[in-house]
Amino acid sequence: MRRTILHALIFLGCLGWVSGCRHKEGPEEQKKIALHLPEGTPKRPQGSAALTVKPGPQPFTKADVANYFKTHNLPMNMSSTNDFQVDTLEFLTNKDVSDRLRGASPGLADSAIVGLATLRGLFIFTGPPQTKPARFARAYAAFDATSGNLVMIGTLDQGEQPNQPK
């Protein structure tokens, strides 16, 4: 008797689960929906807290950026922070940074000042499983000169695959 009740409960549970599944024949047509542009005044990108800004024409120095990268690696970089160093630091307008990076923008107003640091060394980024890591020799970091926040990072050269002739 208990065995029959157990089988009945299992059967009813499976029946309930199957009835909850929707089965459709053929592909379903997707409905198009309109995306509306955001309204109001856009907010300034925040970025990640990074450097302390000092009053004056140069809100932070190349040494400040180097000290930051002693304890903070680039996201997803598999090499050590000892494998790269700060090469240059320039203070440019956001528009100048965007022009230099071929359209990539930190997202600030065109006239906003950005500290653009170039980094030199070894940067290794992995991809999906079964792929070889990409290696780079140069990277950049863009800091908001008003807040000192890191607002953008990236690489500056073509990635090399290991074990390939140059």
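This is a predicted model: local features need pLDDT of at least 70, side-chain atom pairs count only at pLDDT 80 or more; totals for chains, interfaces and linings use all residues.
Residues are numbered from 1 along each chain as its sequence is written, and side-chain values use heavy atoms, with hydrogens and water left out.

N77 sits in the loop between α2 (62–71) and β1 (84–93); helices (H or I, at least four residues) and strands (E, at least two) are DSSP runs, numbered from the N terminus. With a relative accessible area of 8%, N77 is buried, which means under 20% with a 1.4 Å probe, protein chains only. Beyond neighbours within four places in sequence, N77 is in contact (heavy atoms within 4.5 Å) with F84, L122, F123, I124 and F125.

I turn now to the rings. The whole structure holds eight aromatic pairs, counted where ring centres of Phe, Tyr or Trp (its six-membered ring) lie within 6.5 Å; planes under 30 degrees apart are stacked, over 60 edge-to-face, and the rest tilted. F69 and F84 pair edge-to-face, at 5.9 Å centre to centre and 70° between the planes. Because F69 belongs to helix α2 and F84 to strand β1, this pair ties together parts 15 residues apart in sequence.

F84 is itself buried, at 6% relative accessibility. F84 also forms a tilted pair with F123, at 4.9 Å and 35°. F123 lies in strand β2 (residues 113–125), so this pair ties together parts 39 residues apart in sequence. F123 is buried at 0%.

Terms used:
Buried means under 20% relative accessible area, exposed over 50%, partly exposed in between (1.4 Å probe, protein chains only).
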